[in-house]
Amino acid sequence: MIITSYLINYVLAALLLLIVKLNIKKESSNTAFIFLAISGLKFIVFFVEFYPYYQEDGIMQRIEFAAFFVPYATCLILEVFYLSKQLNNQDYSKPISEEKKEIK
């Protein structure tokens with residue numbers, strides 16, 4: 001179950017980074033909402049897929065907690081770092097009229 005936890009977290013993190021990369025050029029204002037939505041999805045996946053398994057004996061052991069938290073925290077740190085780099089590299093100096101011309 002530990003390997004599955006790592007795989008699911010890394011796949012969802014890769015999906016998040018891909019969606020952010022594709023969307024940041026078009027609508028950088030929606031990037032935060034996408035980030036929050038996929039982070040919420042990761043929690044839903046945990047509670048649907050892993051939580052019942054970890055609670056079978058009625059006690060969540062440290063190893064079970066770490067099996068979820070370590071890959072989640074690792075991915076979260078990488079996602080936030082990537083997102084902050086992408087947002088800091090945005091060019092906000094163009095006038096709005098020029099942006100509308102580029103879109104057309």
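Leaving out residues up to four places away in sequence, Asn9 touches Lys42, Phe68, Pro71, Tyr72 and Cys75 (contact: heavy atoms within 4.5 Å). This is a predicted model, where local features need pLDDT of at least 70, side-chain atom pairs count only at pLDDT 80 or more, and totals for chains, interfaces and linings use all residues. Residues are numbered from 1 along each chain as its sequence is written, and side-chain values use heavy atoms, without hydrogens and water.

Asn9 sits in helix H1, residues 2-24 (helices are DSSP runs of H or I, at least four residues, numbered from the N terminus). Asn9 counts as buried because its relative accessibility is 5% (buried is under 20% relative accessible area, exposed over 50%, partly exposed in between, with a 1.4 Å probe and protein chains only).

| Feature of H2 | Value |
|---|---|
| Number of residues | 24 residues |
| First C-alpha to last | 33 Å |
| Kink centred on Phe47 | about 40° |

The expected span is 1.5 Å times one less than the number of residues. The bend at a residue is the angle between axes fitted to the seven residues ending there and the seven starting there.

The buried residues of H2 include Ile34, Phe35, Ile38, Lys42 and Phe46. H1 and helix H3 (62-88) are among what covers the buried residues of H2.

Tyr51 also belongs to H2, residues 31-54. Tyr51 is partly exposed because its relative accessible area is 33%.

Notes. Helices (H or I, at least four residues) and strands (E, at least two) are DSSP runs, numbered from the N terminus.
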